Amino acid sequence: FRSWWPVSCHLIGKDILTTHTVYWPIMLKAMGLPMPEMVFAHGWWLTGRDKMSKTAGNVVDPMAFADRYGVDAFRYFLMAEMTLGQDASFTEEGFIRRYNTDLANDLGNMLNRVTRLIRSHCDGRVPEPGAETADDARLRAAALEAAETMVRAVSDMRLDRGLAGLAGVLREANRYLEITQPWTLARQGDRARLGSVLYCAAETLRVIGGMLYPVMPGKMTELRRTLSLEGKEPEFASLRRWGGLTPGAEIGPVQGLFPRIAEPKGNKPEAAPAKPKEKTKEKTMTTPAEDGLITIDDFRNVTLKTARILEAERVEGTDKLMRLTVDLGAEQRPLVAGIAQHYAPESLIGKTVVVVANLKPAKIRGLESRGMLLAAGDGTALRLLTPDGELPPGSRVS
């Protein structure tokens with residue numbers, strides 16, 4: 001299976017690339033191996049709009065970068081970011097953005113949610129699937145089609161297109177969990193349907209993890225070990241068939257497959273120095289008019305941002321409070337919210353919500369809360385406000 005993938009180190013820098021291009025055939029001949037009939041070379045890596053060059057001093061050391069962030073994640077970025085045959089731009093900010101979106105938020109989050117639910121409600125073993133529903137069938141078809149697309153993409157030398165298809169299935173799988181709500185099925189005691197949902201989600205991870213194995217062999221070995229596939233390298237024939245996981249197999253531990261990377265603060269543009277204020281009459285805070293209306297200036301004082309929930313747990317000794325850790329893009333924050341009567345902790349993991357980001361920190365039951373979730377309710381039901389569509393954490397709401 002791995003032999004289908006082109007052997008490419010994606011070496012960065014003109015001198016390194018030229019040296020390996022020249023001496024590669026010589027090394028093959030010295031080892032008595034046949035000469036390649038065709039060599040497919042990728043384009044230039046750019047820094048912004050400029051070609052990387054040792055002379056210009058803008059070369060990225062690939063070994064140091066791989067040591068810092070992991071060779072698997074680095075390889076994924078290089079293959080996903082570049083259309084082979086064309087130039088591509090490389091920035092650390094771009095790497096972190098793709099890493100957090102594709103690997104931490106989608107793949108890592110999906111694996112954490114599924115394995116946590118299986119441990120909590122299926123005795124830590126792959127459940128037996130029941131009758132397939134339309135939602136199950138859609139996810140199954142999407143996963144198998146993405147596997148076929150990946151193979152065609154390798155033949156066409158369009159690895160970026162194939163990886164984009166796999167990333168799309170992971171987003172679809174996370175939406176599948178939101179639609180089927182296995183945590184609610186567990187609370188209702190619907191064991192048969194719960195088993196089907198969790199099996200379908202875990203089987204999707206088997207297919208996607210197998211297709212990603214040539215790109216990230218180290219990380220995908222960990223993923224496959226978690227799914228009781230330890231010691232087995234994926235074979236394409238098995239990835240074309242649904243139902244490769246064995247019901248009853250014990251789920252292994254997983255320790256943060258792709259922990260989020262905080263965006264370096266130094267990469268953010270510095271704020272322009274404030275202009276000296278003209279001496280004017282001191283403004284006083286106005287109170288809302290009798291009709292309850294506020295001005296646009298009042299509204300501008302509130303900063304609303306999207307946030308992805310990373311952790312959730314009930315606050316001991318209370319019925320209403322939930323302690324959350326949310327990702328705001330550039331940072332992670334603790335929040336305490338009175339939503340425990342309306343949401344199970346596992347149902348919140350991975351959900352994108354809207355928060356008041358510039359609220360003064362407060363202590364609630366001794367716990368720090370740095371922000372406020374937005375929710376709507378009618379006195380009996382309460383629902384968190386979420387964006388209409390996929391948005392990265394930290395997006396400004398206006």
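Let's start with threonine 115, which counts as buried because its relative accessibility is 1% (buried is under 20% relative accessible area, exposed over 50% and partly exposed in between, using a 1.4 Å probe and protein chains only). This is a predicted model, in which local features need pLDDT of at least 70 and side-chain atom pairs count only at pLDDT 80 or more, while totals for chains, interfaces and linings use all residues. Residues are numbered from 1 along each chain as its sequence is written, and side-chain values use heavy atoms, leaving out hydrogens and water.

Threonine 115 sits in helix α4, residues 92-121 (helices are DSSP runs of H or I with at least four residues, strands are E runs of at least two, and both are numbered from the N terminus). The threonine 115 side chain reaches the backbone oxygen of leucine 111 at 2.7 Å. Beyond its neighbours within four places in sequence, threonine 115 is in contact (heavy atoms within 4.5 Å) with Thr226, Ile251 and Val254.

Helix α4 also holds aspartate 102 and arginine 98, four residues apart, about one turn of the helix. These two form a salt bridge, with their closest N and O atoms 3.2 Å apart (a side-chain nitrogen of Lys or Arg within 4 Å of a carboxyl oxygen of Asp or Glu). Aspartate 102 is buried because its relative accessibility is 9%, whereas arginine 98, at 25%, is partly exposed. Both belong to a salt-bridge network that includes Glu81.

Now look at helix α3 (residues 71-81), where arginine 75 and aspartate 72 lie three residues apart. Their side chains meet in a salt bridge at 3.2 Å, N to O.

Note on methods: Polar contact = N/O pair within 3.5 Å; in protein donor to acceptor, adjacent residues only side chain to side chain.
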